Each structure stands twice: as structure tokens, then as C-alpha cells.
Amino acid sequence: MSAVKIGDELPVNEKKLDDGTNDESCSPMRQYSSVQTLINNIPYITMTVLGTAIFAVSFGGSAWGPATAAAYLAYGAGGALWIMVFVCPYCRYWNSSSCPCGYGLIAAKFREKSSVECFDEKFRKHIPVIVPLWFLPVLAGLPSIIRVFSWPLLVLLVLFAVDAFIILPLVSTKHGCKECPQKNSCPWIAIKSKIAS
Ligand code: SF4
């Protein structure tokens with residue numbers, strides 16, 4: 001088999017299903033380099049960092065500031081881990097560099113592959129776990145800025161909204177998800193399209 005260069009589209013997907021046949025449904029597959037994977041993660045990382053800062057500023061001056069900021073940061077990291085544990089094992093990109101964000105490769109280190117046919121069901125069941133990440137910083141920041149106006153908090157809220165509700169959905173739907181052969185059956189596309197509209 002000839003070597004596959006990063007960024008190439010493979011003419012044939014040679015992944016095997018449980019019954020030993022080729023998985024034709026995910027052909028062709030794009031391979032993502034480490035740099036591309038890192039770039040694809042930047043909007044989510046940015047959202048988590050900005051959300052953490054919003055909590056710190058909103059409750060600044062009290063012990064709630066660092067406590068809620070640390071909790072949100074842990075939630076952001078835990079949310080990514082949750083997807084790796086409970087969704088990625090059911091994805092055809094588990095343990096594959098065709099996963100746009102690299103979660104599939106990390107997931108393979110601690111979860112065995114499971115049935116791809118359960119992907120939609122697992123996705124719908126577990127994605128609500130991370131959806132509050134998009135809204136909690138807004139719910140914390142808005143009352144605070146209404147109570148006491150603060151330019152730093154306003155800037156953080158605007159940056160958060162632009163990243164979480166415009167950049168992140170756009171990058172996913174126009175880039176990673178656009179190239180995904182699973183997009184027609186993926187409930188995440190519908191969620192992100194609604195967030196973006
Ligand atoms: S494409 Fe999504 S569900 Fe599939 S392995 Fe990557 S992060 Fe997990």
C-alpha cells in the first residue's frame with residue numbers, strides 16, 4: 001500500500017467492519033495532521049478560557065470568583081473527556097487521524113471500539129452534557145454587568161459570544177463537519193447550525 005500523505009483524501013476506506021467487510025460508508029477519508037487537529041481545537045479551547053475569565057471577573061473580589069472559574073475550567077476539560085469516553089468509541093473515526101479534533105486518537109488509549117451503529121443514539125444521549133458550557137458564562141456575566149458595569153467584563157462577554165456562537169459553529173460546520181462522511185446522520189450538525197443561526 002502506498003504511503004498516505006497528511007491532507008490527502010483516500011480513494012478507498014480500508015477500515016473493516018465487525019463482520020470483516022469494508023466500511024464503504026466512510027470513504028473517502030481525510031487525514032488530519034497534528035497541526036490541523038490543534039487548529040480545529042482552538043475555538044473550543046478559546047471558549048473555555050474566556051468562560052473561565054468571565055466567571056473570575058463576574059465574581060471577582062469574593063471567593064466565588066476563583067471557585068466558579070476553576071469549576072468552569074474543569075467542566076470544559078471534563079466535557080471533552082466525556083465525549084471521548086462516551087461518544088468516540090462508537091464513531092468510525094475512533095483511533096483514526098480522520099477525526100478532525102483528535103479526540104478519537106486519545107479515546108483509543110482508554111476505551112475499546114464499540115458498535116458504530118449506536119453512534120447517533122450515544123451522541124444524542126451525551127451531547128447535552130456539554131451544551132451548558134455555551135450558556136453558563138453568559139448567565140453569570142450578564143447579571144453582574146447589569147448590576148455593576150465593567151468594560152473588561154463587557155469585552156470578555158462579547159469575545160465569548162463571538163467565539164462560542166459564531167466562530168466555533170462556523171469552523172465546525174464549514175470545515176471539520178463539512179468534510180465528515182457522517183454529517184448526514186450527525187445530530188451535532190443540527191445543534192451547531194441552530195446555535196449559528
Ligand atoms: S469525529 Fe467526533 S465522535 Fe468521532 S472520534 Fe472524532 S471527536 Fe469522537
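**Legends to close-up views of the predicted model**

View A. Leaving out residues up to four places away in sequence, Phe-160 touches Met-47, Leu-50, Gly-51, Ile-54 and Pro-137, where touching, or being in contact, requires two C-beta atoms, placed from the backbone, to lie within 7 Å. The model is a predicted one, in which local features need pLDDT of at least 70 and side-chain atom pairs count only at pLDDT 80 or more, while totals for chains, interfaces and linings use all residues. Residues are numbered from 1 along each chain as its sequence is written. Phe-160 is also, together with Ile-54 and Leu-156, among the residues that touch the most other members of the largest nonpolar core, which has 18 residues; such a core is a set of buried Ala, Val, Leu, Ile, Met, Phe, Trp, Tyr and Cys residues joined through C-beta atoms within 7 Å. Two or more residues of this core come from each of helix 1 (34-58), helix 2 (64-86) and helix 6 (151-176), and helix 1 gives the most, with eight residues. Helices here are DSSP runs of H or I with at least four residues, strands are runs of E with at least two, and both are numbered from the N terminus.

View B. A separate core of 16 residues includes Cys-88, Tyr-93, Cys-99 and Phe-123. Around the ligand stand Val-87, Cys-88, Cys-91, Tyr-93, Trp-94, Cys-99, Cys-101, Tyr-103 and Gly-104, each with its C-beta atom, placed from the backbone, within 6 Å of the ligand. This shell is made up of eight nonpolar residues, one polar and no charged, with Ala, Val, Leu, Ile, Met, Phe, Trp, Tyr, Cys and Pro counted as nonpolar, Asp, Glu, Lys and Arg as charged, and the others, Gly among them, as polar.

View C. Helix 2 has 23 residues and reaches 31 Å from its first C-alpha to its last, close to the expected 33 Å, a span taken as 1.5 Å times one less than the number of residues. Within helix 2, Thr-68, Ala-69, Tyr-72, Ile-83 and Met-84 are buried, and what covers the buried residues of this helix includes helix 1, helix 3 (103-107), helix 4 (119-126) and helix 5 (136-147). Buried residues have 20 or more other C-beta atoms, placed from the backbone, within 10 Å of their own, exposed residues have 12 or fewer, and partly exposed ones fall in between. Ala-74 also lies in helix 2, but this residue counts as exposed because it has 12 C-beta neighbours inside 10 Å. Ala-74 and Thr-48 are 26 residues apart in sequence, and their C-alpha atoms are 9.2 Å apart in space.

**View D. Asn-95 in the loop between helix 2 and helix 3.** Most residues other than glycine have a negative phi. Asn-95, although it is not a glycine, has a positive phi of about 55°. Asn-95 counts as partly exposed because 19 other C-beta atoms lie within 10 Å. Apart from neighbours within four places in sequence, Asn-95 is in contact with Gly-104, Leu-105 and Ala-108, and its C-alpha atom is separated by 7.4 Å from that of Ile-106, 11 residues away along the chain.
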